[in-house]
Amino acid sequence: MTTVDINQISLQPATPQPLLSISEGAVNRLLKMMQEKELEGYALRVFVAGGGCSGLQYGMTFDDEVREGDNEFYAGNLRVLVDPISAQYLYGASIDFVDTLMGGGFKIDNPNAVSSCGCGHSFRARDTDYSEEDDDAPVGGCSACGY
C-alpha cells in the first residue's frame with residue numbers, strides 16, 4: 001500500500017466562469033452586422049445604464065476604444081468589452097439571438113435581475129430597491145413593450 005502526503009497533492013484551480021456568455025447564434029449575427037457596417041477592428045460593448053421602466057436598461061454598441069478598467073474577452077471570434085460598473089450587473093448573464101415570427105432580436109438572461117420589463121429591455125437588480133417616496137425611482141412605461 002502506498003501513502004501520499006497531502007502536501008504533495010496539487011489541486012487544479014477551478015475554471016473561471018466568463019463574465020457573460022454569448023451564444024453562437026448571437027456571435028454569428030453580431031459578426032455579420034459588423035461585416036455589413038465595415039467595422040473591422042471593433043468590439044461589441046455590452047453595458048448597463050440607468051433608465052427604462054425597471055430602473056436599469058441593457059445596451060450594446062460597437063466600439064473601437066478600450067477604456068481603462070474594461071473587461072476584454074472573446075466569445076468565439078467576437079471581441080467583447082464590458083466596463084467595470086456594468087460588469088457587476090452582468091456577471092453570469094447570457095446573450096442569445098432569437099428569431100421568431102414577430103422578428104429577431106437579442107435576448108439577455110440575467111441572474112442578477114430580480115425583475116424585468118415585459119420585453120426584457122430593462123431590469124431591476126438586487127441592489128436597486130426603490131421605495132414609493134424615492135425620487136430616483138423609475139416612472140412611466142416601457143416604450144418598447146408598452147408596460
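**Reading a predicted model: buried residues, core and strands**

User: Why does Asp63 count as buried?

Analyst: Asp63 has a relative accessibility of 8%, and buried means under 20% relative accessible area, with exposed meaning over 50% and partly exposed lying in between (1.4 Å probe, protein chains only), so Asp63 counts as buried. This is a predicted model, in which local features need pLDDT of at least 70 and side-chain atom pairs count only at pLDDT 80 or more, while totals for chains, interfaces and linings use all residues. Residues are numbered from 1 along each chain as its sequence is written, and side-chain values use heavy atoms, with hydrogens and water left out.

User: What surrounds Asp63, and where does this residue lie?

Analyst: Asp63 lies in strand E3, where strands (E, at least two residues) and helices (H or I, at least four) are DSSP runs numbered from the N terminus. Leaving aside neighbours within four places in sequence, Asp63 is in contact (heavy atoms within 4.5 Å) with Tyr42, Ala43 and Arg45.

User: What makes the pairing of Asp63 with Arg45 a polar contact?

Analyst: A polar contact is a pair of N or O atoms within 3.5 Å; within protein, one atom must be able to donate a hydrogen and the other to accept it, and residues adjacent in sequence count only if both atoms are side-chain atoms. The side chains of Asp63 and Arg45 are joined at 2.7 Å, which falls within the 3.5 Å limit. The side chain of Asp63 also reaches the backbone nitrogen of Glu65, at 2.9 Å.

User: How do you know that Asn110 is buried, and what does its side chain reach?

Analyst: The relative accessibility of Asn110 is 8%, and therefore this residue counts as buried, although it lies in the loop between E7 and strand E8 (113-116). Its side chain reaches the backbone oxygen of Tyr89 at 2.9 Å, and a polar contact of 3.2 Å joins the side chains of Asn110 and Tyr58.

User: What makes a set of residues a nonpolar core, and how many residues has the largest one here?

Analyst: A nonpolar core is a set of buried Ala, Val, Leu, Ile, Met, Phe, Trp, Tyr and Cys residues joined through side-chain atoms within 4.5 Å. The largest one has 26 residues, and those with the most contacts inside it include Leu20, Ile22 and Val46. Among the elements that each supply at least two residues of this core are strand E1 (20-22), helix H1 (24-36) and strand E6 (93-100), and the largest share, four residues, comes from H1. Leaving aside neighbours within four places in sequence, Ile22 is in contact with Val27, Leu44, Ala75, Leu78, Val80 and Ile95.

User: How confident is the predictor, and where does the pLDDT fall below 50?

Analyst: The protein chain averages a pLDDT (the predictor's confidence in each residue, from 0 to 100) of 77, and 63% of the residues score at least 70. Over residues 128-147 the pLDDT is below 50, and this stretch has 28 contacts in the model beyond near neighbours in sequence.
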